Amino acid sequence: MANSPLKHPVIGPFKTIEDVDHADLGELYTDFNAFPVIVTGQGENPDTKVLMYALKKWGLEKLCIEAPSYCTHLLQQGMLDEYFINYSMVFAGGQKSPGYASEFGHMDHPHADFLTLGIHESNFIFTRQKIRYGVTNETDLSGYKY
């Protein structure tokens, strides 16, 4: 906050979904001079499920999350429905890809189906994929549409 000209209104804290239900959330912030801080969980541990519940109560149905480590966290929580991966032919980022250092192995992992695949110019490919949880090495994939 010390290095930001924006206001930082604190919303919460919400320890449980019931706390969100009992709170007067008011309107979703439309003041572009404010960066609301939503506090969930207990101590230093935020609660992603409570956060997502609060955002849904505000009417947010879709989020754009660009942090690979947070996408991995959402995968681990079973809370990521779709993801987009863009290949820009620029090699940067090192080991910062979704799923890096996660507990998912080749025998038990979320699976994805391509929803769309596109190309822009000759050096940018973009994909949209649907996550399917509970896929194991014993899952019959013959019914999946690719």
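Mentor: Start with burial: buried means under 20% relative accessible area, exposed over 50%, and partly exposed in between (1.4 Å probe, protein chains only). This is a predicted model, where local features need pLDDT of at least 70, side-chain atom pairs count only at pLDDT 80 or more, and totals for chains, interfaces and linings use all residues. Residues are numbered from 1 along each chain as its sequence is written, and side-chain values use heavy atoms, with hydrogens and water left out.

Trainee: Which residues of α2 are buried?

Mentor: T48, V50, M52, A54 and L55. They pack against β1 (10-14), α1 (17-22), β2 and α3 (68-77).

Trainee: What makes a stretch a helix or a strand?

Mentor: Both are DSSP runs, numbered from the N terminus: helices are H or I with at least four residues, strands are E with at least two. The protein has 3 helices and 5 strands. Their order from the N terminus is β-α-β-α-α-β-β-β.

Trainee: Why is M52 called buried?

Mentor: Its relative accessibility is 19%. The cut-off is under 20%, so M52 counts as buried. M52 sits in helix α2.

Trainee: What does M52 touch, leaving out residues up to four places away in sequence?

Mentor: L63, I65, Y70, L74 and M79. Contact means heavy atoms within 4.5 Å. For M52 and L63, the C-alpha atoms are 9.7 Å apart, at 11 residues along the chain.

Trainee: Why is T40 called buried?

Mentor: T40 has 8% relative accessibility, so the buried label applies. T40 lies in strand β2. Beyond four places in sequence, T40 touches F14, N45, P46, D47, V50 and L51.

Trainee: What makes the pair of T40 and D47 a polar contact?

Mentor: A polar contact is a pair of N or O atoms within 3.5 Å; within protein, one must be able to donate a hydrogen and the other to accept it, and residues adjacent in sequence count only if both atoms are side-chain atoms. Here a polar side-chain atom of T40 is 3.0 Å from the backbone nitrogen of D47. At the start of α2, a side-chain oxygen of D47 also comes within 3.0 Å of the backbone nitrogen of K49.

Trainee: And after α2, which phi does G59 take?

Mentor: A positive one, about 100 degrees.

Trainee: How do you know how many disulfides there are?

Mentor: A search of the whole structure finds 0. For C64, the nearest cysteine sulfur, that of C71, is 8.5 Å away. A disulfide is a pair of cysteine sulfur atoms within 2.5 Å, so 8.5 Å is too far for a bond between C71 and C64.

Trainee: Are C64 and C71 buried or exposed?

Mentor: C64 has a relative accessible area of 66%, so C64 is exposed. C71 has 12%, so C71 is buried.

Trainee: What makes a space a pocket?

Mentor: On a 1 Å grid over the protein atoms alone, a pocket is an open set of points with protein on both sides within 12 Å along at least five of seven lines; lining residues have an atom within 4 Å of a point. The second largest pocket has 17 lining residues, with F35, P36, V37, I38 and L55 nearest its centre.

Trainee: Which elements line the second largest pocket?

Mentor: β2 (37-40) and α2 (48-57) each supply at least two residues. β2 gives the most, with 3 residues.

Trainee: Why does V135 count as buried?

Mentor: Its relative accessibility is 3%, so V135 qualifies. V135 is in the segment after β5 (124-132). V135 and A112 are 23 residues apart in sequence, and 9.6 Å apart from C-alpha to C-alpha.

Trainee: What share of the protein counts as buried?

Mentor: 20% of its 146 residues. Among contacts between residues at least 6 apart in sequence, 66% join residues at least 24 apart.

Trainee: Last one: which peptide bond is cis?

Mentor: The one joining G12 and P13, with omega about 5 degrees. P13 lies in strand β1.

Methods
On a 1 Å grid over the protein atoms alone, a cavity is a set of points where a 1.4 Å probe fits but cannot get out, and a pocket is an open set with protein on both sides within 12 Å along at least five of seven lines; lining residues have an atom within 4 Å of a point.
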